[in-house]
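Hi,

Here is the structure I promised to pass on to you. Have a look at it first, and then read my notes below.

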Amino acid sequence: MSKKEKGIVIDKSIKRKHKLETKGVKVFYDDFMAIKGIDMTIKANKVTAFIGPSGCGKSTFLRLFNRMNDYVDGFRLEGEVRIDGENIYKKKINVEQLRKQVGMVFQKPNPFPKSIFENVAYGLRIQGINDKRYLSEKVEDSLKQVALWDEVKDDLNKSAIALSGGQQQRLCIARTLAVEPSIILMDEPTSALDPLSTAKIEELIYELKEKYSIVIVTHNMQQAGRISDYTAFFYLGELIEYDRTKKLFTNPEKQQTENYITGRFG
Amino acid sequence: MNNIRKNRLKDQIFRGWGIACTLLGLVLLAIFIGSILIDGLQRIDWDFITSLPSRNAENAGIYTALMGSIWILVLTTIISLPLGIAAAIYLEEYSKKNRFSSILEVNISNLAGVPSIIYGLLGLEIFVRILEMGASVLAGSFTLALLILPIVIVSTRESIKAVPKSIRDASYALGASKWQTVSMQLLPASFGGILTGVILALSRAVGETAPLIVIGALAYVPFAPSSPMDEFTVMPIQIFNWISRPQAGFEVNAAAAIIMLLLITFIMNGIAVYFRNKWQKKLK
């Protein structure tokens, strides 16, 4: 391992299960408190859904785990965010290395204005991998994992922008998988897609949880119910309830949760 | 009913007024170009382009001024491009948004409005005298590079800013460093826009006269420059020189030189438009 990779968070060689934890996490944007003190443990190799009305802080909370909030002006964090016990906000952490372990899929499909091949290969190229054969294998493998290979195998050099929205989002997932993360964060990955594409992505998420820990923010409660093992309900920057999905949707402990999932507000 | 008719009439009036305003500028330009073409077109031939200056209007050519302008253009590009793009990248992607950076930003925009003769004085003091470059092509290029630097910076920043935030997010989320994101995503995606800005800035530089006269570019240079340290003249100065001569023959020469200069700027603008269109298509 080179010196640059010293701040490595997770050692790939040990097939450890990766647990996300927060301890007393508060997030501020300047003076506004977006997250008001959350303690939470997210289980490995499960799908955990974050639900809640707009502005409840679920996306902010999700973005803590790959430090994407760092780019927001006025962002400040109190408390600790840990992955396998290691605080990912301490000084020594190599953020680039962290993000290779914690991949992210965004709300709107955001392929690069490059070819399909280069989109998937990008995460490897930035690690300095340029071996053509290895890249080709990796690209094929990643595209197969998201069931996109058969649709695009003859068009790898065509621009990714020309793909349909659903294909673009699967491409973005393939791009994330190519880097071999162990945790995947998804920020409303199907909200910009049609029902058919949504179904494909959901199916994909179901398959991916064998190998990855997945945290997904969703506005769609049916979706949370369909694909997640655990569900967390956020409201006004607080974690109101967090339980097995079945339990939370059929027999919630808190009145607020029940009001939300039955559609009485939000 | 009456109201509708009234509104329609107002609409018509404004449409007519708008067309008149638009045409005014174009018509004036057309008249100008037309009269220049009538005066100068007959004078343009290979001899005119390749001849050295002369006391006789019929023998005088544009060669030294044309080569001077090309030297200036190339050197100015080489100097201003890396400076301007690096400054723009710094301001757009690296600098923290605070008071200092906003003061910096306002002043760069201010610099774009400073009269070019002031840049000439600056160039005269710094490049010609302190750095002892003399009235050379190099001193002229540095001066013009300073002159267009604000334009290059502003247009580069605009192009980088136009790259959607989602592209940055995607790059960072895959573990890219800032420099990787800049060099592998932002610059390629904004290349067309940057080039457009640079070309437009350069087409301004190629028409500049005042700052070069201040630093001591000569109206009469017997030979085209062969190194960056040679003295030089450029096309606008040559035009000015010819127009100020009493003999009628030089007026024709000036018209011919104006046609050449316009041609160069039109071609450069054309290239800029081409790249802008190509780039816009790519982002969609």
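**What I found**

In chain A, helix α6 (residues 165-178) lies across strands β6 and β7 (183-187), and α6 runs at about 170 degrees to β6(A). Please keep in mind that this is a predicted model.

Those two strands belong to an open sheet of 6 strands in chain A, with the order β6-β7-β8-β3-β9-β10 and mixed pairing. At its edges are β6 (102-105) and β10 (238-244), each of which pairs on one side only. On average, neighbouring strands of the sheet are turned by 15 degrees against each other, direction ignored.

Further into that order, β3 (residues 47-51) and β8 (residues 213-217) of chain A run parallel and are joined by 4 bridges. If you want a place to start looking, V47(A) stands opposite I214(A) in β8(A).

UniProt, in an unreviewed entry, lists residues 66-272 of chain B as "domain: ABC transmembrane type-1". Over that stretch the chain is 77% helix and 0% strand, with its end C-alpha atoms 21 Å apart.

Finally, the largest pocket. Its volume is about 770 Å³. Of the 20 residues that line the pocket, Y71(A), D73(A), E93(B), K97(B) and K178(B) are the closest to its centre. The elements that give two or more residues to the lining are α3 (63-94) and α7 (165-173) of chain B, and α7(B) provides the largest share, 4 residues. By class, the lining has 12 charged, 6 nonpolar and 2 polar residues.

Enjoy exploring!

Best wishes

Definitions and conventions:
Residues numbered from 1 in each chain as written. Chains lettered and ligands numbered in written order. Predicted model: local features only at pLDDT ≥ 70, side-chain atom pairs only at ≥ 80, totals over all residues. Heavy atoms only, no water. Pairing = 2+ DSSP bridges. Axes fitted to C-alpha atoms, helices over the stretch in contact; angles between N-to-C directions. Contact = heavy atoms within 4.5 Å. UniProt positions renumbered as here; feature names shortened; annotations may be inferred. 1 Å grid on protein atoms, 1.4 Å probe; cavity = no way out; pocket = protein on both sides within 12 Å on 5 of 7 lines; lining within 4 Å. Points joined across faces, edges and corners; volume = space filled by probe spheres on them. Nonpolar A, V, L, I, M, F, W, Y, C, P; charged D, E, K, R; others polar.
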